[in-house]
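Visitor: Hi! I'm new to this one, could you walk me through it?

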2 protein chains.
Amino acid sequence: MTGPAFDPELIAADLLSGDRRALARGITLVESTRDDHRRLAETLLGAVMARSGDSIRLGISGVPGVGKSTFIEAFGGHLIAQGHRVAVLAVDPSSARSRGSILGDKTRMELLARNPSAFIRPSPAAGTLGGVARRTREAMLLCEAAGFDVVIVETVGVGQSETAVADMVDMFLLLLLPAGGDELQGIKKGIVELADLIVVNKADGELDKAANRAVSDYRNALALIRAGSAHWKPPVLRCSALEGTGIEDIWQTIGKYRNAMAAAGQFQRRRAEQARAWMWNEVQESLMLALRHHPAVRDALPELESRVLAGDLPPALAARDLVARFLGKDSDRDGLTG
Amino acid sequence: MTGPAFDPELIAADLLSGDRRALARGITLVESTRDDHRRLAETLLGAVMARSGDSIRLGISGVPGVGKSTFIEAFGGHLIAQGHRVAVLAVDPSSARSRGSILGDKTRMELLARNPSAFIRPSPAAGTLGGVARRTREAMLLCEAAGFDVVIVETVGVGQSETAVADMVDMFLLLLLPAGGDELQGIKKGIVELADLIVVNKADGELDKAANRAVSDYRNALALIRAGSAHWKPPVLRCSALEGTGIEDIWQTIGKYRNAMAAAGQFQRRRAEQARAWMWNEVQESLMLALRHHPAVRDALPELESRVLAGDLPPALAARDLVARFLGKDSDRDGLTG
């Protein structure tokens, strides 16, 4: 039933030795939605878990056009030259619809992709944000177990994906364009406030002065809209990924962040809380999935939902009926539907 | 078992005739966490549901000291003078801890509280935000059925309560102080972006000029951090609740918002989506509650959770074990615990 293709013990052994092909296979396994694959994926995760965690997990976001790929290529190359191993994952729930998956284009990050100290993986091609986020979390653990000590999770500035990424990383970087005023409106609400570090990219050539103004504008906006924490106030830096300037400064700042958070006990605490929240999310998602697939629920749902939408039925009554159907408690049903 | 105290049919009849004492009893019933009361509450809601919905639902938030009570007293009094009936509910999940419940102090909003066209209800004294929000949603329906055509849900600027309130109302108002720059940092992240209308209060006396500067600062900040929707761009107004200036302008703006949203089909759509989301939240909460109370889950949880927190056990494996225990599927358990 499981087929010979995935042997979790074998994948685990190769992956732990740093083999990138085994890592790729392992991620394919955790991305699979097949029930038997899921069990194998959990076996794999269980086998490598003890070797995961030894990395800095960085989320990177920014609107299309901000130069994310160029930045990650320059940043990753810089770190590899210092002896690091860099994995790049992507979270892009829209890729299934648009077929324009970030990182899906093989020509992106060409240099980084060819470097044996790098590992690049496109976003899973299908699934809800919750599903994509889950698989990315698990892929992150596999990358760490394979010896990648910098794990970058890239996402685009759409909807809720930034929040999902911020909830799985140690530090969230937001790349912005050297624009100001009305042109900044493209930033989706709440995203600036997730950032632990803001980087104004494309600070080169004609945009050099505009970048300085943007840095100053964003510092002012941050002061207006965001209360700093006791441990860290998000800095606004500038860089040119194209010219390679500002990259080392960003890496130094990441180090300072890590030290500040670790000294306050916040680094491990954030990870532990993320793991706990993830466990409860998994519980919740699999319960809700089981409920939605239950035959008695499926029979009643269309009528109940349309009455709730029309304002005829209190949501709490509809909910009680659905849960009673799922758990098989006939006494809790109110005869709302035939 | 149910006791003679709550007869949902009787409460429904009196409530529908506009009786404020019946309304208060009805809300007490929906606030009760007793299982038998919950069933009666659902009967009550079912009986009055058809008469609910005919109101404008307003969320009002702002940090302590911004003058929320004074504003609501002035605003409510103004509307009652125009023939409206005004209900004020509160969402304050911190009230159980602090014992300083908003609206709990009887001396607050003294004039409004004595007015027969007003109904004021403090926040439920205990419970999680989810629980408080659920009961407030239901209380809102009861207020509408009792003929209150303006329902105000007040909350304080703490944590996630604003999001919960924004998700249950037609329009969200944020009250701000006439302060600028660093003094604005007290605003919690994301809250400005929930607002459909921002009101700078205390625009009087010595603060008159500061209020004008604050209005201008907030307009600039909104332009920087928030993309307007096609139907509405949140205005920034000023008022003095103390002197009663600016109140009619706010009410006119609320009317414009309502008309703009209704013309775009967004008013009813927002309510329908809120009702649907509420139904699924109810389903989720009652499932998660049932899982947490299940004996087999309680036995295993401490060990599983501590291993997840320590990074020894993949969250997905722990989750699968918990769900299998809850649904009684022994074959899905992995023997993680004894």
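Guide: H1(B) and H2(B) are oblique to each other. Keep in mind that this is a predicted model.

Visitor: At what angle do those two pack, and how far apart are their axes?
Guide: Helix H1 (residues 8-16) of chain B packs against helix H2 (residues 20-31) of chain B at an angle of about 135 degrees, and their axes are 8 Å apart. Angles over 145 count as roughly antiparallel and 65 to 115 as roughly perpendicular, so this pair is called oblique.

Visitor: Which residues make the contact?
Guide: From H1(B) there are B:Ile11, B:Asp14 and B:Leu15. H2(B) brings B:Ala22, B:Leu23, B:Arg25, B:Gly26 and B:Leu29.

Visitor: Is that crossing left-handed or right-handed?
Guide: H1(B) and H2(B) cross in a left-handed way.

Visitor: OK, chain A now. How many helices and strands does it have?
Guide: Chain A has 13 helices and seven strands.

Visitor: Pick a helix pair there. How do H2(A) and H3(A) cross?
Guide: Helix H2 (residues 20-31) of chain A and helix H3 (residues 35-48) of chain A cross at roughly 130 degrees, and their axes come within 8 Å. H2(A) and H3(A) are therefore oblique to each other, and their crossing is left-handed.

Visitor: And who touches whom?
Guide: On the H2(A) side, A:Gly26, A:Leu29 and A:Val30 make the contact. The H3(A) side includes A:His37, A:Arg38 and A:Leu40.

Visitor: How much of chain A is buried?
Guide: Of the 338 residues in chain A, 53% are buried. The chain exposes about 14400 Å², with carbon and sulfur atoms supplying 52% of that area.

Visitor: What about A:Asp299, buried or exposed?
Guide: A:Asp299 is exposed, with a relative accessible area of 65%. You'll find A:Asp299 in helix H12 (residues 295-309) of chain A. Between A:Asp299 and A:Ala146 there are 47 Å in space, C-alpha to C-alpha, and the two are 153 residues apart in sequence.

Visitor: Switching topic: what is the mean pLDDT of chain A?
Guide: The mean is 86, and 86% of the residues in chain A reach 70 or more.

Visitor: Which element has the lowest mean?
Guide: That is helix H5 (residues 95-98) of chain A, at 50, while helix H10 (residues 247-263) of chain A has the highest, 97. Over residues 96-100 of chain A, pLDDT stays under 50. Where pLDDT is low, the predicted coordinates should not be read in detail.

Visitor: And what does the model score overall?
Guide: The scores are ipTM 0.83 and pTM 0.75.

Terms used
Residues numbered from 1 in each chain as written. Chains lettered and ligands numbered in written order. Predicted model: local features only at pLDDT ≥ 70, side-chain atom pairs only at ≥ 80, totals over all residues. Heavy atoms only, no water. Helix = DSSP H or I, 4+ residues; strand = E, 2+ residues; numbered from the N terminus. Buried < 20%, exposed > 50% of the residue type's maximum accessible area, 1.4 Å probe, protein only. Areas by Shrake-Rupley, 256 points an atom, 1.4 Å probe, with all protein chains shown as cover. pLDDT = per-residue confidence, 0-100. Contact = heavy atoms within 4.5 Å. Axes fitted to C-alpha atoms, helices over the stretch in contact; angles between N-to-C directions. Parallel < 35°, antiparallel > 145°, perpendicular 65-115°, else oblique. Left-handed = near helix turned anticlockwise from the far one by under 90°.
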